[in-house]
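The exercises below concern packing and the contact between chains, and each task is followed by a solution in steps.

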Amino acid sequence: MKAYRHGEMVLIPVPESLENEWQDLYEQAGQKMKSPRVIAEGEITGHKHELVGGQVDATTLNEDSAMAKGTKTSGYVSRRSLLRALGIGAIAGPVVLLKVAQAAALRHPEHNALPIPAGRYVAYAQREYDETMARRVVD
Amino acid sequence: MHNGSTMRLWPEGWLTDHGTEGEAFLSGKANIMELLTLKGGWGRNRRFEIKDGHVRINRNGQDPETSLTIKDGQIVEIQDIEHPAQNRSARIVTTKAWDESKRMKTDAVRTIQRYDTYSNLPSEGAFYEVAGLRIGKHKGVLLQIAKRARFIREEFVYDNGQQAYAWTPYRKGFRVYRPNGKPWMQVTAKVRRPWKRAQNLLQKVQATLASIAGDEYRWSDEPDYEIGLFDEQGRQYGYGKIENHQRVGVWRQGKVKHYFMMGLPVSKELFYAGPDELDPREVLKTENTQLRAALMKKIGPERLLKKLPFTACDADGENQLLKADVSKIFTLNDEAMEQVRATNRLDEQIAIAVLKCPSTGQLYYLRVPPRLNKVEHARQWLCGIDIEGVEEEYIRDRWMMPADAGQRELSPSEQEAMKNEIARSKQQEKLEFVTEA
């Protein structure tokens, strides 16, 4: 499975087979972001992982239990089930549902710019192990 | 058709600034210029065709604020004047250029844009000119200059004729001079292209002169460079250094000092703490990975291995997977040890992946499950892949563990279940990083 990594952020392109589930979560469960172009912000420095150029929109799923009703499939789809279908395990912290309608570049003051082609993505911060659970990597 | 005449298109006071009540829409169409109001009010959807001439757009029914020069149906010059507010304290105006709006504190600003046709730059000379801007207290004119219809230079010239700075695409280093010709600021790297961001470079100069360690510290895409500020006598009074795209060392401006480690602002005490004063156990517990990496850099990998009994169980270039017994690293009471036993089923080890960032070249120390055996597996796990369920070696280990403990072989049904799990795991994909930065 293809992935993009930008510092501690991981972006996974969503395959066509999961686009309906992604769309349902995006529309029904996704929470509006202060700025949909900023997918993460440094805890101390405030440095942003920011999409520049292109056409971009995003919502965020803050809770692992975030759920939506399937519009083109029966039953419900959750953040957990979407990640599982992508082969991703438990993620600590928010998961951003990113819609790149026109190719953009992901920028951060300390990292090289990363071109992001048009498509749908799930984006999240890397995790880290601690005895009891995985926690989000913070920089 | 109105040729060569000056005309008023709207009644006084109708068109207010940037579309709060109405908006002018300009488009070139087959050698004919059209002006079209988009929103309600008098003149809605009325079109005025102008082949040659001048159009003045009055916004508040007072002075002409935008003036268009049209030649053969194409706009060749746009002149905007932003007037200062009557109240001095409210002299913050918004200037708009190239789809970017910037708020700045200033007097009246006059902006002139020139084109050969509506979309092309003139073959020679200033195509964008802003008067009324300042560096410090000194007024001047910002110019963007074209040659052979290409942008080649940006300049700021004080009202006394002294050039403050000149930016060109290939110049290594960037200098700002005072109105008396003495240096004021220096950046030792190729500065980012200000094209399409007119006034952005000037705002950066203003911000850096006001506070060298402020948010506008990043001047270049090069990994390493320095910024210096100089006083009237040419003595350096401000300094900052960028290494691997990150602020490092002491950034000073006069008597004010800021301390940076791997881009992080830290206290003076932490900055000057010697490697032997830092306890690697405490550092490993630091939640912020950037700060942990910065402190670990200070301790150094050799001293870390000397102080704590870590052994490298896999390496891939500079990336390593380190492991050590938890009991030898942390002093744990029985209850805590029980908890570790309960969660780490295989052993009581601590595992740390040391990974190099492809952009900054810095090493990061990240904890991973102690069951992992390879650097690549640690990378996959950190990025969200539960590698223990994907790689055959971990599935076998898990099935064999109770059998090994009891010194017995797996029953046929257990063997079958293990085989099925391995077969299922083959269908699961690992991450393949297209690009990393």
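Contact here means heavy atoms within 4.5 Å. This is a predicted model, in which local features need pLDDT of at least 70, side-chain atom pairs count only at pLDDT 80 or more, and totals for chains, interfaces and linings use all residues. Residues are numbered from 1 along each chain as its sequence is written, and side-chain values use heavy atoms, without hydrogens and water.

**Exercise 1.** Find which residues B:Val368 touches, not counting residues up to four places away in sequence.

Solution. Beginning in chain B, the partners are B:Leu321, B:Ala351, B:Ala353, B:Ala378, B:Trp381 and B:Leu382. From chain A, A:Tyr129 is also touched by B:Val368.

**Exercise 2.** Determine how many residues each chain gives to the contact, and what area is buried between them.

Solution. Count the residues first: chain A gives 36 and chain B gives 44. Next take the buried area (the accessible area, with a 1.4 Å probe, that two parts lose on being put together, summed over both), which is about 3,500 Å², with 50% of it from carbon and sulfur atoms.

**Exercise 3.** Count the salt bridges between chain B and chain A, and describe the one formed by A:Arg127.

Solution. Apply the criterion, a side-chain nitrogen of Lys or Arg within 4 Å of a carboxyl oxygen of Asp or Glu, and the count between the two chains is 2 salt bridges. In one of these, the side chain of A:Arg127 meets that of B:Asp386 at 2.7 Å, N to O.

**Exercise 4.** Identify which element gives the most residues to the side of chain B that touches chain A.

Solution. With strands taken as DSSP runs (E, at least two residues) numbered from the N terminus, the elements giving two or more residues include strand S25 (363–368) and strand S26 (432–436) of chain B. S26(B) gives the most, with 5 residues.

Conventions: Chains are lettered from A and ligands numbered from 1 in the order in which they are written. Helices (H or I, at least four residues) and strands (E, at least two) are DSSP runs, numbered from the N terminus.
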